[in-house]
Amino acid sequence: VNFITDLQKLLSKYPKSDITENAKILIDYLQNVNPEAAKEQKIIQAKELYVLNMGDIHFVIISIPKSSNQNQMMFNITNFNIDNFGENDLKVMKSDFSQLALLSVTSFKDAAEAKIYYEKISDNAELWRDVNKQGSTIFIISRNNFELLKKENNLETYLLFFEQNFK
């Protein structure tokens, strides 16, 4: 359970309570004075929300700002796939996610296969030809976790899970 979120819920439910001021001080401390504690809380939340199953079907996601040239990026990914993974039947699909476009490369039989692809595409400078890389992220996600990510609509939480389990 995310302690900061619980404190914020407590404040909104009981704004006139005797503990309101102390809760505000604690939230401020966790977020500003000791951000590592807040990050640890978010990591715990991510581990409770997402499930690590290395044998599931996985995707590699390239998230780019919606203001980026999405069609060019899809073209670059497709060319990368043809040149490097021609024997695989990979598809590139786009979905909107807040201010981002999620370009999904599907499907990999498991996490190990997705990681090989992830490592190769992450090092490929040509991928970003005619596309601004700023604000973009590449990550691996299982099919079930991807559905949960779209429902939860919080990429930051999933990226903490990704960092803990795939890097």
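## Salt bridges and accessibility

Glu-126 is partly exposed at 49% relative accessibility, where buried means under 20% relative accessible area, exposed over 50% and partly exposed in between, with a 1.4 Å probe and protein chains only. Glu-126 forms a salt bridge with Arg-129, with the closest N and O atoms 2.8 Å apart, a salt bridge being a side-chain nitrogen of Lys or Arg within 4 Å of a carboxyl oxygen of Asp or Glu. Arg-129 is likewise partly exposed, at 33%.

The whole structure holds six salt bridges, among them that of Lys-94 with Asp-96 at 3.9 Å; Lys-94 is partly exposed at 43%, whereas Asp-96 is exposed at 53%.

## Basis of the model

This is a predicted model, in which local features need pLDDT of at least 70 and side-chain atom pairs count only at pLDDT 80 or more, while totals for chains, interfaces and linings use all residues. Residues are numbered from 1 along each chain as its sequence is written, and side-chain values use heavy atoms, with hydrogens and water left out.

## The sheet

Four strands form an open sheet in the order E2-E3-E1-E4 with antiparallel pairing, where strands are DSSP runs of E with at least two residues and helices runs of H or I with at least four, numbered from the N terminus, and two strands pair if DSSP finds at least two bridges between them. Strands E2 (91–97) and E4 (137–142) stand at the edges with a single partner strand each, so one side of each lacks a neighbour in the sheet.

Strand E1 (residues 58–65) pairs with strand E3 (residues 100–108) over seven bridges in the antiparallel sense, and Leu-102 in E3 is the bridge partner of Ser-63.
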